[in-house]
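This report describes selected side-chain contacts and surface features of one protein model. Please keep the sequence and the structure in view while reading.

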Amino acid sequence: MALAVEAVKASRVINSGQVCNCAERVYVQRGVADEFVDKLTAAMKATRFGDPLADESVDYGPLINQAGFRKVDALVRGAVAAGATLTTGGGRGEGEGGYFYQPTVLAGAARKWRLSAAKYSGQ
């Protein structure tokens, strides 16, 4: 399980999740789902985010622009409104200027949901 958690985390933090091959949804067997979510949540909480130009040790930088930030925020808010559980993150990074969005984990999304930012932002 540790390898799976690390692989999902690595996939999501590369380029702040702005890469076409990032994991967007993870299906986990029910018997281990709670443990997996707990471990992924802990891993994402430990993710260091910030300005990579000011600190090369950060794992996760800003989103590309304000439109990207708004889309991610709308996606997260829409998923929570539809019934997903926010286990960590879900907003602007504290103390950071720019378009820093906290590393975020949503659990319990229904398979039939279309988790697209366009759906929630009116685009």
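The model is predicted, so local features require pLDDT of at least 70 and side-chain atom pairs count only at pLDDT 80 or more, while totals for chains, interfaces and linings use all residues. Residues are numbered from 1 along each chain as its sequence is written, and side-chain values use heavy atoms, with hydrogens and water left out.

**Salt bridges**

A salt bridge is taken here as a side-chain nitrogen of Lys or Arg within 4 Å of a carboxyl oxygen of Asp or Glu.

| Glu-35 | Lys-39 | 3.3 Å |

Glu-35 and Lys-39 both belong to helix 2, where they are four residues apart, about one turn of the helix. Arg-77 and Asp-73 have this spacing as well, four residues or about one turn, within helix 3 (residues 66–82). Helices (H or I, at least four residues) and strands (E, at least two) are DSSP runs numbered from the N terminus.

Accessibility is classed as buried under 20% relative accessible area, exposed over 50% and partly exposed in between, with a 1.4 Å probe and protein chains only. Glu-35 is partly exposed because its relative accessible area is 38%, and Lys-39 is partly exposed at 41%. Asp-55, at 29%, is partly exposed, as is Arg-48 at 40%. Asp-73 has a relative accessible area of 19% and is therefore buried.

**The aromatic pair and a neighbouring charge**

Rings of Phe, Tyr and Trp (its six-membered ring) pair if their centres lie within 6.5 Å; planes under 30 degrees apart count as stacked, over 60 as edge-to-face and the rest as tilted. The whole structure contains one aromatic pair by this search. Phe-69 and Tyr-101 form this edge-to-face pair, with 5.3 Å from centre to centre and 65 degrees between the planes. The pair links distant parts of the chain, 32 residues apart: Phe-69 is in helix 3, and Tyr-101 is in the loop between strand 1 (85–88) and strand 2 (105–107). Both Phe-69 and Tyr-101 are buried.

Phe-69 has a further contact: the charged end of Arg-92 sits over its ring, 4.2 Å from the ring centre. This term requires NZ of Lys or CZ of Arg within 6 Å of the ring centre and within 35 degrees of the ring normal.

Val-32 lies in helix 2 (residues 30–45) and is partly exposed because its relative accessibility is 31%.

**Two loop residues**

Thr-47 is located in the loop between helix 2 and helix 3 and, at 5% relative accessible area, is buried. Its side chain reaches the backbone oxygen of Ala-43 at 3.1 Å.

Tyr-99 lies in the loop between strand 1 and strand 2; its relative accessible area of 30% makes Tyr-99 partly exposed. The C-alpha atoms of Tyr-99 and Asn-65 are separated by 6.3 Å, although these residues are 34 residues apart along the chain.

Notes
Polar contact = N/O pair within 3.5 Å; in protein donor to acceptor, adjacent residues only side chain to side chain.
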